Amino acid sequence: MRIDIITVLPQLLESPFQHSILKRAIDKGIVEVNLINLRDYSTHKQKSVDDYAFGGGAGMVMGIEPIANCINALKAERRYDQVIYTSPDGELLNQKMSNQLSILKNIIILCGHYKGVDQRVRDHFITKEISIGDYVLSGGELAAAVISDSIIRLIPGAMSDETSALTDSFQDNLLAPPVYTRPADFNGMKVPEILLSGHTANIDHWRHEQSIQRTKERRPDLLK
Ligand code: SAH
């Protein structure tokens, strides 16, 4: 998979891809992540990418020109399955969406800034708009990192134990069961006996029950 992230702050996005599962996936060649500096596509002397909003009002708007230049240059190289814009008014990211995105070959993620991008970019270049939650961030970079992380860890080979992703929360619309590690007894705080039994079928059953219980308590909406 190839993820091309268009941003005015590529440095902000370097670290998230240099650790843990994401780094390993990139090192193994399972995914390629390119940080593309939008300013490289500005024809402006000062490399600016934003301007005042037509009609007035506070806040700058990212212009269509550099974004169109950038997306067209990328599209000339390969076919993209999705051109995503990170936006608080987009479709709310969830595990189902991440699963769907994880099987794509090439995607672009455009990070907004300031008041956002000129509506014509959204109308003519963007195929999917994603929000990571009902709050407003300063820019799309952290959202792009969240979206990429949730996708990459699902690509086969990204995690050392592939079954691990399948037992995470939201797969099967259930929250994950509680987990424990050694010591089995910490100052009288004990691990549930069943987990020490070595009986895999019983443990699986217990975990499933715990998942259902937890989902009922915390996220009954998922069970509908
Ligand atoms: N004026 C816009 C917010 C702009 S915030 C509005 O009210 O809708 C600046 C940029 O941050 C946005 O263009 C978007 O790319 C990103 N962003 C902010 N909140 C986000 C969220 N919840 N999910 C995804 N991207 C977000």
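Me: As I understand it, a residue counts as buried when its relative accessible area is under 20%. With that cut-off in hand, how many residues of strand 1 are buried?

Reply: Good place to start, and keep in mind that we are looking at a predicted model. In strand 1, six of the six residues are buried, so the strand is largely enclosed by the rest of the structure. For the protein as a whole, 41% of the 224 residues count as buried.

Me: Which residues of strand 1 are buried on one side and on the other?

Reply: Take the two faces in turn. Arg2, Asp4 and Ile6 are buried on one side, while Ile3, Ile5 and Thr7 are buried on the other, so both faces of the strand are covered.

Me: Let me step back to the overall picture. How many helices and strands are there in the protein?

Reply: The protein has seven helices and nine strands. Its C-alpha trace spans about 70 × 40 × 35 Å along the principal axes.

Me: In what order do the strands form the open sheet?

Reply: Read the order across the sheet. Five strands take part, in the order 2-1-6-5-7, and their pairing is parallel. Strand 2 (32-37) and strand 7 (128-131) are the edge strands, each pairing on one side only. From one strand to the next, the twist averages 30°.

Me: How many bridges join strand 1 to strand 6, and which residue of strand 6 is the bridge partner of Asp4?

Reply: Strand 1 (residues 2-7) and strand 6 (residues 106-110) run parallel and are joined by five bridges. Asp4 has Ile108 as its bridge partner in strand 6, and Arg2 has Asn106 there. On the strand 2 side, strand 1 pairs in the parallel sense over six bridges, with Arg2 standing opposite Glu32. To get from strand 1 to strand 2 the chain passes through helix 1 (residues 20-27), and this β-α-β crossover is right-handed.

Me: Which strands does helix 5 lie across?

Reply: Helix 5 (residues 141-152) lies across strand 1, strand 2, strand 5, strand 6 and strand 7, and runs at about 175° to strand 1. Ala144 is in helix 5 and counts as buried, at 0% relative accessibility. Leaving out residues up to four places away in sequence, Ala144 touches Ile5, Thr86, Ile109 and Cys111. Along the chain Ala144 and Cys111 are 33 residues apart, yet their C-alpha atoms are separated by 6.9 Å.

Me: And what is Ser148 in contact with, leaving aside neighbours within four places in sequence?

Reply: Ser148 also has its place in helix 5 and is buried, with a relative accessible area of 0%. Its contacts, with those neighbours left aside, are Ile3, Ile5, Phe17 and Ile109.

Me: Now a pair of helices. At what angle do helix 3 and helix 5 pack?

Reply: The general idea first: two packed helices are described by the angle between their axes and the distance between the axes. Helix 3 (residues 95-102) packs with helix 5 at an angle of about 70°, and the axes are 8 Å apart. Angles of 65 to 115 degrees count as roughly perpendicular, so helix 3 is roughly perpendicular to helix 5.

Me: Which residues make that contact?

Reply: From helix 3 come Ser98, Leu101 and Ser102, and from helix 5 come Ile147, Ser150 and Ile151.

Definitions and conventions. Residues are numbered from 1 along each chain as its sequence is written. This is a predicted model: local features need pLDDT of at least 70, side-chain atom pairs count only at pLDDT 80 or more; totals for chains, interfaces and linings use all residues. Side-chain values use heavy atoms; hydrogens and water are left out. Two strands pair if DSSP finds at least two bridges between them. Helices (H or I, at least four residues) and strands (E, at least two) are DSSP runs, numbered from the N terminus. Axes are lines fitted to C-alpha atoms, for helices over the stretch in contact, and angles run from 0 to 180 degrees between N-to-C directions. Contact means heavy atoms within 4.5 Å. Buried means under 20% relative accessible area, exposed over 50%, partly exposed in between (1.4 Å probe, protein chains only). A crossover is right-handed if, with the strands pointing away from the viewer, the path from the first strand over the helix to the second runs clockwise. Angles under 35 degrees count as roughly parallel, over 145 as roughly antiparallel, 65 to 115 as roughly perpendicular and the rest as oblique.
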